[in-house]
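Here are my comments on the model you sent, as numbered points. Please read them with the structure open.

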Amino acid sequence: MHQRVFAVFTRGAAKLAANTVILSLREGYIALIPFFVMAALVTLVTHWLNYEDLGARYAFLSTFNVLVWTLFPLTTLLSFSYYLAKNLKLNSIAVPILVLTCFTLATGYIYVLDDGSIGINNRAGVFYTIVMPIFCCYTMRAILRARWLRIMPVGNISLFLVKHLNLMFPYILVVLATFMLFPMVDSMLGSALSQLNELQSQWSGNEKLTMQLLSAHVLWLFGIHGDHAYQIMAAPQMSDYMLSFAMDGQSYLNAFVLLGGSGCIWGLLIACLMQGRGTHEASIARPARRWPCLTLAKSWFTPCL
């Protein structure tokens, strides 16, 4: 019975992994690994040097740290858009530019101040970094199938020029569709989140912690940064609470969940290293064998099993 259930689950997981959107998400986030490492190092150095106590000499680190993480929605958007467009056989440069334009204008990520200057709200539209590329890419592909929208047929002029001239009407139609549909979608999502936050206002700290962990990891499943997205979408009382054992929720998450990365990756690596050299888990964790701290942890915990 268990083998049949596992076989069904394995086939379903394989089909899901082969899905174009999931494949593009995976490729997009793999491509962002250098950015994530760089951003984490900047944050680590900023806190390690304690720039506030060291004076103006290190003040630029704080600004750089904020700017790096401000770019996080854009890097996610562009990377996912590029690989989704490539996998859908669309123009991998023109389509990400279209997605970026629709995202910045429809979500409020970039806005104009009263004095005419430009501001950025990096907390706006995090959820749409995944939704917008999917909507724009699939809408663009559907529109491009309509031959009557093509301005110029293939002829004696450059094929490169013809391809981009024929993107003019699809560009306009996708932008129009974005501005017609996304205000309604945003309003419905805002209403749903407001009702959910009111419903959860009477929950205990332990219940709020459970909801935060479940919501964040469900969002991670769809390629969305679950921790950041939850902090943005949830009401303040749903992310600032005390647990029953006199510990605030954020301290608990930092100590027992986020240590080593969301999902307790340190514990996972230690468990993989304990499985032996011939297993699949050990082959995944093999690069970590060079880390002295994990080797020491393995020597500590293995005798206890």
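1. K89 is worth a look to begin with. In this predicted model, K89 counts as exposed because its relative accessibility is 72%. Its place is in the loop between helix 6 (72–87) and helix 7 (94–107). The backbone at K89 has a positive phi of about 65°, although K89 is not a glycine.

2. K163 is another lysine to check. K163 belongs to helix 9, which covers residues 159–165. With a relative accessibility of 51%, K163 counts as exposed; the cut-off for that class is over 50%. The C-alpha atom of K163 is 8.9 Å from that of N91, although 72 residues separate the two along the chain.

3. On the overall make-up: the chain has 16 helices and 2 strands. Of its 305 residues, 31% count as buried. Among contacts in the chain with a separation of 6 or more, 61% are between residues 24 or more positions apart. The chain exposes about 19000 Å², and 68% of this area comes from carbon and sulfur atoms.

4. The two strands can be located through S117. This serine sits in the loop between strand 1 (110–112) and strand 2 (118–120). S117 has a relative accessibility of 28% and therefore counts as partly exposed. If its neighbours within four places in sequence are left aside, S117 is in contact with Y111 and V112.

5. Which residues form the nonpolar patch on the surface? The members are I151, M168, F169, I172, L173, L176, M180, L181, M184 and M188. Together they have about 980 Å² of accessible area. One of them, M184, lies in helix 10, which runs over residues 168–200. M184 counts as partly exposed, because its relative accessibility is 47%.

6. How many aromatic pairs does a search of the whole structure find? The search gives 4. In one, the ring centres of Y82 and Y83 are 5.0 Å apart and the planes stand at 90°, so this pair is edge-to-face. Y82 is partly exposed, since its relative accessibility is 32%.

7. A further ring pair joins F103 and Y109. Their ring centres lie 5.7 Å apart with the planes at 45°, and the pair is therefore classed as tilted. F103 counts as buried, at 0% relative accessibility. Y109 is buried as well, with a relative accessible area of 0%. Elsewhere in the list of aromatic residues, Y128, F135 and F182 are linked into a cluster by ring pairs.

8. C102 is in no disulfide, and its nearest cysteine sulfur, that of C136, is 4.1 Å away.

9. Are C102 and C136 buried or exposed? C102 is buried, with a relative accessible area of 1%. C136 also counts as buried, at 0% relative accessibility. For C136, too, the nearest cysteine sulfur is that of C102, and C136 is in no disulfide.

Key. Residues are numbered from 1 along each chain as its sequence is written. This is a predicted model: local features need pLDDT of at least 70, side-chain atom pairs count only at pLDDT 80 or more; totals for chains, interfaces and linings use all residues. Side-chain values use heavy atoms; hydrogens and water are left out. Patches are made of residues with over 30% relative accessible area and no salt bridge: like charges are joined within 9 Å, nonpolar side chains (Val, Leu, Ile, Met, Phe, Trp, Tyr) within 5 Å. Accessible areas come from the Shrake-Rupley method with a 1.4 Å probe; for residues, only the protein chains shown count as cover. A salt bridge is a side-chain nitrogen of Lys or Arg within 4 Å of a carboxyl oxygen of Asp or Glu. Helices (H or I, at least four residues) and strands (E, at least two) are DSSP runs, numbered from the N terminus. Buried means under 20% relative accessible area, exposed over 50%, partly exposed in between (1.4 Å probe, protein chains only). Rings of Phe, Tyr and Trp (its six-membered ring) pair if their centres lie within 6.5 Å; planes under 30 degrees apart count as stacked, over 60 as edge-to-face and the rest as tilted. A disulfide is a pair of cysteine sulfur atoms within 2.5 Å. Contact means heavy atoms within 4.5 Å.
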